[in-house]
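Keep the sequence and the coordinates at hand while reading.

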Amino acid sequence: MNDFIEVIEKVGADIPTGNSKAMMGVLVLCIEQYESEYSFMPDSSSLLKYVSACVRNKVNQGGDDIIGYKQLIKFVKCWHRRK
């Protein structure tokens, strides 16, 4: 999982924040990059669903549709602890 977090940090340096759709696109890009550099991520669809729900909840609670890559990392870590 640390390798995946590093990929998110690398991509996040180029795209630090964005709206929810853009950041979900960043997450998909990170998954693709991770799979090309390291190995297949079998639970990627589960990860996408979980992070999407977290982003949606965050937007619904806060009203702002701005997500940062550090929040993506937080959501990924929460997902990893849950599984």
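Helices here are DSSP runs of H or I with at least four residues, numbered from the N terminus. Under that scheme serine 44 lies in helix α3, which covers residues 44-62. The model is a predicted one.

The protein has four helices and two strands, and along the sequence they follow the pattern α-β-α-α-β-α. For 83 residues, a compact globule would have a radius of gyration near 12 Å, and the protein agrees with this because its value is 12 Å. Taken along the principal axes, the C-alpha atoms fill a box of roughly 35 × 30 × 15 Å. Buried residues make up 37% of the 83 residues. Among contacts with a separation of 6 or more, 65% are accounted for by residues 24 or more positions apart.

Serine 44 can be taken up again at this point. Its relative accessibility is 18%, so serine 44 counts as buried, the cut-off being under 20%. Leaving aside residues up to four places away in sequence, serine 44 touches Ile31 and Glu35.

Helix α2 spans residues 20-37, and its axis comes within 9 Å of that of α1, the two crossing at roughly 125°. The crossing of α1 and α2 is right-handed. On the α1 side, the contact is made by Asp3, Phe4, Val7, Ile8, Lys10 and Val11. On the α2 side, the residues are Val26, Leu27, Leu29, Cys30, Ile31, Gln33, Tyr34 and Glu37. By class, this contact has 10 nonpolar, one polar and three charged residues. Ile31, one of the α2 residues in this contact, is also touched by serine 44.

The other helix pair to consider joins α1 to α4. Helix α1 (residues 2-14) and helix α4 (residues 69-82) pack at an angle of about 165°, with their axes 9 Å apart. The angle makes α1 roughly antiparallel to α4, since angles over 145 degrees fall in that class. The crossing of α1 and α4 is right-handed. Helix α1 contributes Phe4, Ile5, Ile8, Glu9 and Gly12 to the contact, and α4 contributes Tyr69, Ile73, Val76 and Lys77. These residues divide into six nonpolar, one polar and two charged. Phe4 and Ile8 of α1 take part in the contact with α4 and also in the contact with α2.

Conventions. Residues numbered from 1 in each chain as written. Predicted model: local features only at pLDDT ≥ 70, side-chain atom pairs only at ≥ 80, totals over all residues. Heavy atoms only, no water. Axes fitted to C-alpha atoms, helices over the stretch in contact; angles between N-to-C directions. Parallel < 35°, antiparallel > 145°, perpendicular 65-115°, else oblique. Left-handed = near helix turned anticlockwise from the far one by under 90°. Contact = heavy atoms within 4.5 Å. Nonpolar A, V, L, I, M, F, W, Y, C, P; charged D, E, K, R; others polar. Rg over C-alpha atoms; globule rule 2.2 N^0.38 Å. Buried < 20%, exposed > 50% of the residue type's maximum accessible area, 1.4 Å probe, protein only.
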